[in-house]
Amino acid sequence: MKKEEKQLIYTLLKTADAYESGYTRPQFAGEPVFQDDTEVSFPGVTGESRQSSDVEMPGSSPSMTENASATMTQSLTLDELNAKILRCTRCGLARTRNNVVPGMGVEHPDVLVIGEGPGHDEDMQGLPFVGKAGVLLDRMLAAIGLDRKTNCYIANIVKCRPPENRNPMPDEQSACFSFLEAQIHLLKPKMILCMGKIAIEKITGQNISINAQHGEFFEYNGIPVMPTYHPSALLRNEELKRPAWEDLKLFKKRLDEIKNN
Ligand code: SF4
């Protein structure tokens, strides 16, 4: 296949993805570079057997592709985006969910809180963090002056419940991630708080140890991001509440600095 044909297919797929998610990925250094197929002859091998060099991703990885910096065109409102998410059947989680959980909160929040995915209660109600962990999350946020009704938005890496509360699979995370990217672009939060390992690893594209790196600051497209313990982990292990509280105090301090500048 000629490189022009490959580029055309790639562009069509990108356009379809943008239409579906409401998010157009920007051009960036990790875009694939297509080459013409090259036919390689081996002794005793017929012309039907080919070796091709299809796609070259110079210096990039799938996570880099998904985390491309955002200078994007965006035509949807948050409500329109969330309406699209509600209709999504992109990954296998669509078959087992009861409700899609796009997220909830205010439109231009100080803070975007990102969890991993809906659990049982969230799946039944179509709202994020409404079970026991959600009650604890609301208390944690309230302790530093945050509230989903006034200055926060709460979303997840995947918008549909993984069965039996298992971790979302990498392909499910990848299928869903452009929705979160679009939400971040529209919400423009001042800071992002990631609850647990799955959320921070997907947002940063890095391997992160929550035990070792909770409370550190990372960045997503210029937005400060901090990981801390997921409220479910705090419910399982009371001893984690103290370090989580220390994280939240640091987070609040940085947020106040940003707001006062
Ligand atoms: Fe679509 Fe995300 Fe739900 Fe999968 S988890 S069906 S990608 S909304």
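**Exercise 1. How many salt bridges does a search of the whole structure find, and which residue pairs with lysine 190?**

Solution. The whole-structure search turns up ten salt bridges, each one a side-chain nitrogen of Lys or Arg within 4 Å of a carboxyl oxygen of Asp or Glu. A word on the source: this is a predicted model, where local features need pLDDT of at least 70 and side-chain atom pairs count only at pLDDT 80 or more, while totals for chains, interfaces and linings use all residues. Residues are numbered from 1 along each chain as its sequence is written, and side-chain values use heavy atoms, with hydrogens and water left out.

Now for lysine 190: its partner is aspartate 110, with the closest N and O atoms 3.1 Å apart. Lysine 190 sits in the loop between H6 and E6 and aspartate 110 in the loop between E3 and E4, so the pair ties together parts that are 80 residues apart in sequence. Helices (H or I, at least four residues) and strands (E, at least two) are DSSP runs, numbered from the N terminus.

**Exercise 2. Work out the strand order of the open sheet and find the bridge partner of valine 111.**

Solution. Start with the order: six strands run E3-E5-E4-E6-E8-E7, with mixed pairing. Two strands pair if DSSP finds at least two bridges between them. Next, the edges are E3 (104-105) and E7 (218-220), each pairing on one side only. Then zoom in on E4 (residues 111-115) and E6 (residues 191-195), which pair in the parallel sense over four bridges. There, valine 111 has methionine 191 of E6 as its bridge partner.

**Exercise 3. Describe how H6 packs with H3 and with H7.**

Solution. Take H3 (residues 78-86) and H6 (residues 170-187) to begin: their axes come within 10 Å and cross at roughly 170°. Axes are lines fitted to C-alpha atoms, for helices over the stretch in contact, and angles run from 0 to 180 degrees between N-to-C directions. That makes H3 roughly antiparallel to H6 (angles over 145 degrees). On the H3 side the contact (heavy atoms within 4.5 Å) uses Leu78, Leu81, Asn82 and Ile85, and on the H6 side Phe179, Ala182, Gln183, Leu186 and Leu187.

Move on to H7: the axes of H6 and H7 come within 11 Å and cross at roughly 75°. The two are therefore roughly perpendicular (65 to 115 degrees). Here Gln173, Ser174, Phe177, Leu180 and Ile184 of H6 meet Ile198, Lys202 and Ile203 of H7.

Note on methods:
Angles under 35 degrees count as roughly parallel, over 145 as roughly antiparallel, 65 to 115 as roughly perpendicular and the rest as oblique.
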